[in-house]
Amino acid sequence: MNKAFPRSPSLHALAVCGAVLALGCTAELNSSGAAGGPNSSTGGSASGGNGAGGTAGTPGPVGVGDDGRIANPPAFQAPAGMLRRLTRSQFRNAVRDIFGVEVDVTKLDADIGQFAAIGANAVETSPRGVEQYQAAIEEVVSTVWSDATKRAQFIGCTPGNAAADACTRTFIEKLGRRAWRRPLETAEVDQLAGVATTATTELGSGVEGARWATVAMFTSPSFLYRPELGVADAAGKLKFTGYETAGRLAFLIWNSLPDQQLMDDAASGALATVDGVKATVNRLLDAANGAGRESIGEFGQQYMELDRVLTQPKDATMYPAYNAALQAGMVRDMRATWEGTAFDDKASALSLFSTPKVTVNAELAKLYGVDAAGLTSTTFKTVSLPADSPRVGILSKAGFLSQFANQKEGSPTLRGKFIREWLMCKVVPPPLEGIVLVLPDPDPNNPTTKRQRLDAHRAMPACAGCHALMDPLGLPLENFDAIGTYRTTENGLTIDASGDVDGVAVANARQMGEAMAQSKAMAACMVRRFHAYAMGRDERDVDGSVVNDLITSFETSGYQLRDLVVATVTHDAFSAVAPQP
């Protein structure tokens with residue numbers, strides 16, 4: 001039986017505003033620290049005050065040494081507790097892992113900030129967004145309920161048709177523990193059972209009652225939000241509960257929900273010790289289905305802003321090969337390089353800047369000039385470029401080059417700015433008011449290269465300071481056009497791709513990658529970015545000692561990305577929390 005849920009006031013109110021979402025309701029915290037209750041909603045800010053030092057992407061503290069360590073940091077202070085909405089990818093993965101159904105998250109409210117996990121503590125869910133979450137969950141549940149076999153397996157028993165019976169309550173308790181990442185309180189089970197009872201009565205089907213209880217459960221703030229509030233330990237300090245820790249670990253490493261064993265670890269107290277957390281993290285990283293690769297792949301994707309690749313238009317006349325398959329290949333190539341470095345090669349993270357490996361589909365193989373035999377748009381292989389290839393490391397990959405470019409040509413300034421700010425953790429001051437930021441178009445009667453036009457631009461004193469920080473890092477990539485194709489000339493003139501990496505002269509992209517692969521400061525910056533990503537908040541001055549600990553640990557490990565994950569989540573700061581202001 002698969003009747004549509006009638007939009008009567010009684011049923012719709014229960015399905016949307018009882019234990020679930022409702023326009024106009026207010027997000028509240030009950031005594032157990034869970035987001036929920038009769039008047040819950042995602043209509044407001046997810047932030048409970050995080051003590052962060054600025055918005056996502058704000059540079060960290062001043063006083064950084066040549067090796068990237070924070071100089072004389074103040075004592076660490078735990079951040080205030082918060083609520084954090086699931087990111088788009090976390091929502092998608094969680095729904096897939098429970099229902100076995102893929103959901104199109106592009107229809108949901110967008111994430112904010114370069115690191116979505118940071119934006120998730122401040123993002124607001126619009127009224128339209130509430131409706132979109134509701135529609136997405138209803139569609140997913142309907143997909144499962146439309147298949148009698150899948151539905152029966154999902155429920156696990158046969159609900160009675162009179163009211164929410166023992167089967168339905170057992171189903172709610174079991175599914176709710178996974179969906180809400182904690183055991184449900186009796187009142188919460190009663191509330192969801194009430195949704196099932198009302199639906200069963202009006203639709204004459206216990207199966208339909210279970211269906212709408214499921215919809216209520218997955219549109220509840222207790223699913224959509226992650227409370228991170230903590231409880232007082234024996235010393236009176238707030239620490240995350242076992243269930244909060246389980247959620248933090250799962251969403252950081254798998255980018256999805258905890259599994260049954262992780263929930264059991266939370267219940268048993270196994271996550272209360274460093275050894276217990278370390279054992280759990282290694283299990284998650286070693287997951288047979290490869291889910292542990294998400295810990296690095298998702299970080300790399302957000303760190304390198306790869307979502308931009310899929311939305312970047314290019315001039316179709318100049319770049320006819322630029323299509324959706326090539327764009328998807330660019331993202332896969334970059335992400336696979338991060339994952340492969342950590343899990344397959346177990347190589348230093350600094351080798352990301354000098355690796356010859358690329359992962360290609362048919363379209364990307366053609367752009368890179370490698371053998372595409374046997375490949376299609378959706379099949380990939382990993383190969384090593386020739387030893388004398390001009391393309392080396394992640395900065396020579398099309399996924400990086402194409403996003404920091406306009407529709408017709410690459411941008412040394414944009415490329416250099418990203419490298420300087422995000423890969424080196426150095427501040428590039430904003431341009432002075434009134435400065436013309438756009439280079440003049442080249443004179444067709446007097447061909448010039450981009451370098452020559454930038455040289456003229458830097459000749460203006462007001463422009464020289466900022467461009468001196470960016471252009472020397474972007475110019476070594478001038479051998480690559482707006483989609484990352486290699487070239488040696490521009491407008492008929494030979495390209496000069498020389499540049500500078502913090503005082504080290506380089507002749508081209510290869511030399512720049514090799515120089516960066518030797519830089520301790522680059523490794524330290526990567527630690528700072530991962531620390532912010534893992535903690536889900538911007539770096540603060542009072543995080544300096546924690547960052548320094550992680551930098552030392554990273555260096556000792558030989559810059560192993562996997563070890564950086566373990567060191568971060570086993571540090572005391574990962575589970576520390578302060579009261580909300």
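Start by selecting R540 and D543: their side chains are joined by a polar contact of 2.8 Å. (A polar contact is a pair of N or O atoms within 3.5 Å; within protein, one must be able to donate a hydrogen and the other to accept it, and residues adjacent in sequence count only if both atoms are side-chain atoms.) This is a predicted model, where local features need pLDDT of at least 70 and side-chain atom pairs count only at pLDDT 80 or more, while totals for chains, interfaces and linings use all residues. Residues are numbered from 1 along each chain as its sequence is written, and side-chain values use heavy atoms, with hydrogens and water left out.

R540 sits in the loop between α21 and α22 (544–556). (Helices, H or I with at least four residues, and strands, E with at least two, are DSSP runs numbered from the N terminus.) Is R540 buried or exposed? It is buried, with a relative accessible area of 8%. (Buried means under 20% relative accessible area, exposed over 50%, partly exposed in between, with a 1.4 Å probe and protein chains only.)

Next, step into helix α22 and pick V546. V546 is buried too, at a relative accessible area of 2%. Leaving out residues up to four places away in sequence, V546 touches F76, H531, H571 and A573. (Contact means heavy atoms within 4.5 Å.) Show the C-alpha atoms of V546 and A573: they lie 7.1 Å apart in space, yet 27 residues apart in sequence.

Now colour helix α23 (residues 561–570), where nine of the 10 residues are buried. Among them are L561, R562 and L564.

Switch to a surface view for the largest pocket, with about 1000 Å³ of space. Of its 29 lining residues, E298, Q301, L306, D307 and L310 are the closest to its centre. (On a 1 Å grid over the protein atoms alone, a cavity is a set of points where a 1.4 Å probe fits but cannot get out, and a pocket is an open set with protein on both sides within 12 Å along at least five of seven lines; lining residues have an atom within 4 Å of a point. Points are joined across faces, edges and corners, and a volume is the space filled by probe spheres set on the points.) Which helix gives the largest share of the lining? That is α14, with six residues.

Last stop: the largest cavity, of about 150 Å³. Select Q90, A117, R226, L252 and Y533, the closest to its centre of the 18 residues lining it.

How values were computed:
Grid points are joined across faces, edges and corners, and a volume is the space filled by probe spheres set on the points.
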